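Here's a quick briefing to keep beside the viewer. Have a look at the model first, then dig into the notes below.

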Amino acid sequence: MKPDLRTRLFHAWFLLTRPMTLGVRALALDEGGRVLLVRHTYVDGWHLPGGGVETGETVHDALEKELREEANAELGAPPRLHSIHFNRQATRRDHVVLFHCDKVRQFAPKSRDREIIAAEFFDPDALPEGVTRSTAARIREFREGIAPDPYW
């Protein structure tokens, strides 16, 4: 699937303003072990919540911000670094830091907005249709305890 114009423009802007881009994603599980996924307005499929790390922002701060903004969710326990991936699908400069987050909860249902269509928890054995390849791979790697692929 080719990124839409909005996605390409975001990446072009980041390319001009930053020599390397860094993002965070949350493998966010609730108390019942369900995984949090989001659907964006500008790209197809279900994804792990996350986004870019801004200048002057820590990866932890970015993680908390993205969970709050994309899913009305908050951490219930300290996040743990799970893996780091090179996201060559976006640009040749993009890296993603994946955190494992337990006891994540939504403090309010997420209503559709300009960026997010939906944010929901799913049983990892019954993921929704349309989960992206990378999202499914990260969940499988975590659940099966296998070495993460270095590529997103």
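Is K103 buried or partly exposed? K103 is partly exposed, because its relative accessible area is 44%, where buried means under 20%, exposed over 50% and partly exposed in between, using a 1.4 Å probe and protein chains only. Bear in mind that this is a predicted model, where local features need pLDDT of at least 70, side-chain atom pairs count only at pLDDT 80 or more, and totals for chains, interfaces and linings use all residues. Residues are numbered from 1 along each chain as its sequence is written, and side-chain values use heavy atoms, with hydrogens and water left out.

**Overall fold**

- The protein has three helices and nine strands, taken as DSSP runs numbered from the N terminus (helices are H or I with at least four residues, strands are E with at least two).
- Going along the sequence, the order is α-β-β-β-β-α-β-β-β-β-β-α.
- The radius of gyration is 15 Å, which agrees with the value near 15 Å for a compact globule of 152 residues; it is taken over C-alpha atoms, and the globule rule is 2.2 Å times the number of residues to the power 0.38.
- The C-alpha trace spans about 40 × 35 × 30 Å along its principal axes.
- Of the contacts with a separation of 6 or more, 68% are between residues 24 or more positions apart, with contact meaning heavy atoms within 4.5 Å.

**Surface and charge**

- Buried residues account for 41% of the 152.
- The accessible surface is about 8,600 Å², and 53% of that belongs to carbon and sulfur atoms; areas come from the Shrake-Rupley method with a 1.4 Å probe, and for residues only the protein chains shown count as cover.
- There are 22 positive and 23 negative side chains, with the centres of the two sets 5 Å apart.
- For that tally, Lys and Arg are positive and Asp and Glu negative, while His and the chain ends are not counted; each charge is placed at NZ of Lys, CZ of Arg, CG of Asp or CD of Glu.

**Helix α2 and what follows**

- Helix α2 has 13 residues and reaches 18 Å from its first C-alpha to its last, close to the expected 18 Å at 1.5 Å a residue (the expected span is 1.5 Å times one less than the number of residues).
- Its buried residues are A62, L63, K65, E66, L67, E70 and A71.
- E66 counts as buried because its relative accessible area is 9%, and beyond four places in sequence E66 touches V24, G50, G51, G52 and A71.
- N72 follows α2 and sits in the loop between α2 and β5 (73-74).
- N72 has a positive phi near 50° without being a glycine, and N72 is buried at 16% relative accessible area.

**Helix α3**

- Helix α3 (residues 133-144) reaches 16 Å from first to last C-alpha over its 12 residues, close to the 16 Å expected.
- S134, T135, A137, R138, I139 and E141 are the buried residues of α3, and they pack against β1, β2, β3, β6 and β7.
- After α3 comes G145, with a positive phi near 65°.

- V96 is found in β7 and counts as buried at 5% relative accessibility.
- Outside four places in sequence, the contacts of V96 include G23, V24, R25, S83 and W152.
- K103 lies in the loop between β7 and β8 (105-106), and K103 has a positive phi of about 60° although it is not a glycine.
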